[in-house]
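I opened my notebook for a friendly look at helix packing and charged pairs. Here is what I looked up, entry by entry.

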Amino acid sequence: MSDDMQFMVEYICREVTLKLMNDFGWDIETALGALYDSDTYSKLENPNTGMYYQSPVYVYDILSEELRSGKTQ
């Protein structure tokens, strides 16, 4: 993973984690666990998907839909 991509993934993860904590009332460990165990995160860190170019809000929307549908890994 390039440094630029790593930076973008980390930024998105930070913002998504904060939003999960705020919206669901989760602590940081729960929010990070939900993110890191998700298909969304797998796509985010895969350079072929280009998801790391998307906004944190877009990634959060995809993740929250995944969480609601129970499709996490």
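Is R68 buried or exposed? I looked this up to begin with, keeping in mind that the model is predicted. R68 comes out at 58% relative accessibility, and the cut-off for exposed is over 50%, so R68 counts as exposed.

**Entry: the partner of R68**

I then checked what the R68 side chain meets. It forms a salt bridge with the side chain of E65, at 3.4 Å from N to O. I placed both residues in helix 4, which spans residues 56-69. E65 and R68 are three residues apart there, about one turn of the helix. For E65 I noted a relative accessible area of 45%, which makes E65 partly exposed.

**Entry: other salt bridges**

How many salt bridges does the structure hold? I found three, the E65 and R68 pair being one of them.

Next I looked at D23 and K19, whose side chains meet in a salt bridge at 3.1 Å, N to O. Both sit in helix 1, and because they are four residues apart, about one helical turn separates them. I wrote down a relative accessible area of 39% for D23, which is partly exposed. K19 is partly exposed as well, with 34%.

Then I turned to E15 and R14. Their side chains meet in a salt bridge, and I noted 2.4 Å from N to O. E15 has 25% relative accessibility, so I put E15 down as partly exposed.

I moved on to packing. Two packed helices are described by the angle between their axes and by the distance between those axes, so I looked up both.

Helix 1 covers residues 3-24 and helix 2 covers residues 28-36. They pack at an angle of about 125°, and their axes are 9 Å apart. Why do I call helix 1 oblique to helix 2? The reason is that angle of about 125°: roughly perpendicular ends at 115 degrees and roughly antiparallel begins over 145, so helix 1 is oblique to helix 2.

I also noted the hand: helix 1 passes helix 2 in a right-handed crossing.

Which residues make the contact? From helix 1 I listed C13, V16, T17, L20 and M21. From helix 2 I listed I28, A31, L32, L35 and Y36. Sorting this contact by class, I got nine nonpolar residues, one polar and no charged ones.

How values were computed
Residues are numbered from 1 along each chain as its sequence is written. This is a predicted model: local features need pLDDT of at least 70, side-chain atom pairs count only at pLDDT 80 or more; totals for chains, interfaces and linings use all residues. Side-chain values use heavy atoms; hydrogens and water are left out. Axes are lines fitted to C-alpha atoms, for helices over the stretch in contact, and angles run from 0 to 180 degrees between N-to-C directions. Helices (H or I, at least four residues) and strands (E, at least two) are DSSP runs, numbered from the N terminus. Angles under 35 degrees count as roughly parallel, over 145 as roughly antiparallel, 65 to 115 as roughly perpendicular and the rest as oblique. A crossing is left-handed if the near helix is turned anticlockwise from the far one by less than a right angle, and right-handed if clockwise. Contact means heavy atoms within 4.5 Å. Ala, Val, Leu, Ile, Met, Phe, Trp, Tyr, Cys and Pro count as nonpolar, Asp, Glu, Lys and Arg as charged, and the others, Gly among them, as polar. A salt bridge is a side-chain nitrogen of Lys or Arg within 4 Å of a carboxyl oxygen of Asp or Glu. Buried means under 20% relative accessible area, exposed over 50%, partly exposed in between (1.4 Å probe, protein chains only).
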